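Dear colleague,

Please find below the structure I am handing over to you, together with its sequence.

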Amino acid sequence: MPRPRRRRQNLLGVDDGGLVHVGNATIDAALTQWLSARHGSLKCDYDSTPVYFAPMSPNGIGNKVLALTMSFHLALMQGRAFVVTDWPPATLPTSYPLHEVVRPSACQALFDEDQRGRPPIAKSTIRWSPLTTASRFKHAFTQPHWCHQSTRLLEVPPEWASRVSWLQWWRALTQHLYSPGRRLAAGMAATLRAASLLRSPAPRAGAGREEAPLWVAPPPAAGDPAGGEASDSPASSSSAAA
């Protein structure tokens, strides 16, 4: 007798329509509001807002993601606004703007407007990471390369210590900080080829309106069941995501 085929576990959250939902639908609403008040919705000025500068040029995309997430955590633990100081990083050729990758803080635009001829960061290592960052912010701290040695990485903010575990906290941090924009979603879909991308949460049946897709996968080309090449901008039609 032939052996029954094992059902593959759906690890990507792809539904029967070939849609991948991306976003932060699984974060507790109260925690989302708490993070937003200390990040994207934070009122920012040069004179009174304490900021946490995060150099972004260690080697490897995995290291960059870890560096961003650890810096975001430490900024929150210190009550500081999170600011990326060198995007695009010298060690990662990319045309994506920062806001396509992460949800920028309210202070990021002020930092980007303050052009002071800062020297480029060729590579962020223990030896070469900057210890200070030239800016108009009067209360600023620059993350050293060895921030991962801080014991605060093992802590959860006191407001949430009794409500979420350490792993739940880091999952919330990651899902809140990383918010793929339309161009990045298109690039992700080009890698996944035949998958369309929607932002979470998924629209409820009978809700009265359909969510516009971030990216609609192109129809399969002749003789190519995986789909054709993806363009640099999302398709305008949403019929494929119905």
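A residue is called buried here when its relative accessible area is under 20%, exposed when that area is over 50%, and partly exposed in between. By this criterion, 39% of the 242 residues of the protein chain count as buried. Please bear in mind throughout that this is a predicted model.

Confidence

The mean pLDDT of the protein chain is 75, and 65% of the residues reach at least 70. Among the elements, strand β3 has the highest mean value, 94, while strand β1 (residues 19-22) has the lowest, 65. Two stretches call for separate mention. Residues 6-14 have a pLDDT below 50, and this stretch has seven contacts in the model beyond near neighbours in sequence. Residues 225-242 also have a pLDDT below 50, and there the model shows 34 contacts beyond near neighbours in sequence.

Overall architecture

The protein chain contains five helices and five strands. Read from the N terminus, these elements follow the order β-α-β-α-β-α-β-α-α-β. Of the contacts between residues at least 6 apart in sequence, 69% join residues that are at least 24 apart. The accessible surface of the chain amounts to about 14500 Å², and carbon and sulfur atoms account for 55% of it.

The sheet

Three strands form an open sheet in the order β3-β2-β4, and their pairing is parallel. Strands β3 (81-84) and β4 (140-142) are the edges, each pairing on one side only. On average, neighbouring strands of this sheet are turned by 25 degrees against each other, direction ignored.

Aromatic pairs

How many aromatic pairs does a search of the whole structure find? The search finds eight. One of them joins Phe53 and Phe111: the pair is tilted, with 5.1 Å from centre to centre and 50 degrees between the planes. Since Phe53 belongs to strand β2 (residues 51-54) and Phe111 to helix α3 (residues 108-113), the pair ties together parts that are 58 residues apart in sequence. Both Phe53 and Phe111 are buried.

A second tilted pair is formed by Trp166 and Trp170, whose ring centres lie 5.7 Å apart and whose planes meet at 50 degrees. These two residues are four apart in helix α4 (residues 166-177), so about one helical turn separates them. In general, an α-helix has 3.6 residues a turn, so residues three or four places apart point the same way.

Helix α5

Which residues of helix α5 (residues 182-192) are buried? They are Leu184, Ala185, Ala186 and Ala189. Just after this helix, Arg193 adopts a positive phi of about 65 degrees.

Yours sincerely

Note on methods: Residues are numbered from 1 along each chain as its sequence is written. This is a predicted model: local features need pLDDT of at least 70, side-chain atom pairs count only at pLDDT 80 or more; totals for chains, interfaces and linings use all residues. Side-chain values use heavy atoms; hydrogens and water are left out. Buried means under 20% relative accessible area, exposed over 50%, partly exposed in between (1.4 Å probe, protein chains only). Contact means heavy atoms within 4.5 Å. Accessible areas come from the Shrake-Rupley method with a 1.4 Å probe; for residues, only the protein chains shown count as cover. Rings of Phe, Tyr and Trp (its six-membered ring) pair if their centres lie within 6.5 Å; planes under 30 degrees apart count as stacked, over 60 as edge-to-face and the rest as tilted. Two strands pair if DSSP finds at least two bridges between them. Axes are lines fitted to C-alpha atoms, for helices over the stretch in contact, and angles run from 0 to 180 degrees between N-to-C directions. pLDDT is the predictor's confidence in each residue, from 0 to 100.
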